[in-house]
Amino acid sequence: MPKLAIRGGTPAKSKSFPDWPIYDDLEREALNEVLESRDWWRTEGSKTLAFEKSFAEYHQAKHGIAVTNGTHAIEVALAAMGIGPGDEVIVPNATFVATASAVLFAGALPVLVDVSADSYCIDPELAEAAINERTRAIIAVHMGGRPADLDQLEAVARKYDLALLEDAAHAHGSEWRGQKVGTFGIGGTFSFQASKTMTAGEGGMIISNDDDFERLARSTHDCGRMPGEWFYSHYIYGSNYRLSEWQGAVLLAQLTRLDEQTARRHENGRLLDRLLGEIPGITPQSHDARITRNGHYAYIFHVDARAFAGISTQQFVDALEAEGIPTQAPYPPIHTLDLFTSGAYRNRLSGAQAAANHAFLTEAFPNSQRESDETVWITQNALLGDEEDMREIAAAIGKIHQHVKDLR
């Protein structure tokens, strides 16, 4: 009888997943071109500008602004939207801290709402219930690459005359009804940090179809300059969020593979949905017929401990990794972070807002807590494998289910 690998048995995974990041001579040649050009600064160079245009075009957007990282992309976008002290921005409680900390950076209050139980994306009904006279915007996070319900979120934003900003750090190339995410609201933000599905180690992007928003975001990211004006003219408050030519060169090369890689992740994700759906206690993150492509920053599924002899999620993860399947940790709920529990977040607020009672500090967020405590995330490079790789992932999980008593 086969034993679990964590108990000395043979791992279920027989061959390696694709390495990440993926690179070849495209990146080498692009970097060498920057080196030899001596134009290492984006203002004088051409690579980052070309990347901005190409990335925006791929995502069906008029404008692209490359910035230093995904956190700064949100900060610049909020500045361009005029978000400031006294304002409120509705944010999902299940996300990386940057979605909320960027709001605090603007001096505004991130109002946390729970996510939907099956998608782990912001619940549109809860978002609507949180709106008041101070609300200026909603940030939708496309968790793991799965688009949030953009139909409902657009409708809510229109109804209350709010801005909708898409945090698409996980969702390069994802589609809702055949339209690329990042183009439904006033803008979309992306990250090119090392684990993302396109990477230059760090980097970020803002895309938009709104000319006024783009003009202000571009000025904010470049020290308050305005396009076409004298270099030392500064018209609004801004800072230096410019991406370097080195990163622009790498990302321009990375973009050439994005469409094929996204299609492969989406196809393998749907195969895993079918395979894992047959294992008792395993529920994949929900798919929706309106999602025509899921970029899959991670493959996310829920583990019902009752079907696995009551073991903890960490025990499950340890066993899965021993079988050769790579995972990454889910995000802890925002309201549980020390930034909020200690009250340190109030240091970014002012006036009555800084001293007010904020309901999210005492509310229950059952779905965000469930996402944190009971889901498992398989890393995106695993989804670049072939059908055999997907079947080995399913076999590893099935093996744990079959021999789960050995973990107790």
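Analyst: Contact here means heavy atoms within 4.5 Å. The model is a predicted one, in which local features need pLDDT of at least 70 and side-chain atom pairs count only at pLDDT 80 or more, while totals for chains, interfaces and linings use all residues. Residues are numbered from 1 along each chain as its sequence is written, and side-chain values use heavy atoms, with hydrogens and water left out.

User: With which residues is K399 in contact, leaving aside its neighbours within four places in sequence?

Analyst: K399 is in contact with K3, L4, A5, T10, P11, A12 and E323. The residue is found in helix α13, residues 387-402, where a helix is a DSSP run of H or I with at least four residues and a strand a run of E with at least two, both numbered from the N terminus. The C-alpha atoms of K399 and N268 are separated by 20 Å, at 131 residues apart along the chain.

User: Why is K399 called buried?

Analyst: K399 has a relative accessible area of 10%. Buried means under 20%, exposed over 50% and partly exposed in between, with a 1.4 Å probe and protein chains only; K399 is therefore buried.

User: How do you know whether S286 and D161 are buried or exposed?

Analyst: S286 has a relative accessible area of 15%, so this residue is buried. D161 stands at 72% and is therefore exposed. S286 lies in the loop between β10 (282-284) and β11 and is in contact with D118, S119 and R146, its neighbours within four places in sequence being left aside. D161 has its place in the loop between α6 (150-159) and β5 (163-167).

User: How many cavities of 30 Å³ or more does the structure hold, and what makes a space a cavity?

Analyst: The structure holds 1 such cavity. A cavity is a set of points, on a 1 Å grid over the protein atoms alone, where a 1.4 Å probe fits but cannot get out; its lining residues have an atom within 4 Å of a point. The largest cavity has a volume of about 50 Å³, a volume being the space filled by probe spheres set on the points, which are joined across faces, edges and corners.

User: Which residues line the largest cavity, and how are they divided by class?

Analyst: The lining is formed by R146, R270, D273, Q285, S286, H287, I291, N294, H296, Y299 and I300. By class, there are 3 nonpolar, 5 polar and 3 charged residues; Ala, Val, Leu, Ile, Met, Phe, Trp, Tyr, Cys and Pro count as nonpolar, Asp, Glu, Lys and Arg as charged, and the others, Gly among them, as polar. Helix α8 (245-276) and strand β12 (298-303) each supply at least two residues of this lining.

User: How do you know that β12 and β14 pair?

Analyst: There are 5 bridges between β12 and β14, which run antiparallel, and DSSP must find at least two bridges for two strands to pair. Y299 has I378 as its bridge partner in β14. Strand β13 (residues 327-328) is joined to β14 by 2 bridges, also antiparallel, with T327 opposite I378.

User: What makes β14 mostly covered, and which way do its residues point?

Analyst: In β14 (residues 375-379), 5 of the 5 residues are buried. T375, W377 and T379 point one way, and V376 and I378 the other. In a regular strand the side chains alternate between the two faces of the sheet.

User: How many aromatic pairs are there, and why is the pair of F55 and F192 given its class?

Analyst: The structure holds 16 aromatic pairs. The ring centres of F55 and F192 are 5.6 Å apart and the planes stand at 90°, so the pair is edge-to-face. Rings of Phe, Tyr and Trp (its six-membered ring) pair if their centres lie within 6.5 Å, and planes under 30 degrees apart count as stacked, over 60 as edge-to-face and the rest as tilted. F55 belongs to helix α2 (residues 47-58) and F192 to the loop between β8 (187-191) and β9 (204-208), so that the pair links distant parts of the chain, 137 residues apart. Both F55 and F192 are buried.

User: Why is the pair of Y299 and F301 classed as it is?

Analyst: The centres of Y299 and F301 are 6.3 Å apart and the planes meet at 40°, so the pair is tilted. Y299 and F301 are both buried.

Definitions and conventions:
1 Å grid on protein atoms, 1.4 Å probe; cavity = no way out; pocket = protein on both sides within 12 Å on 5 of 7 lines; lining within 4 Å.
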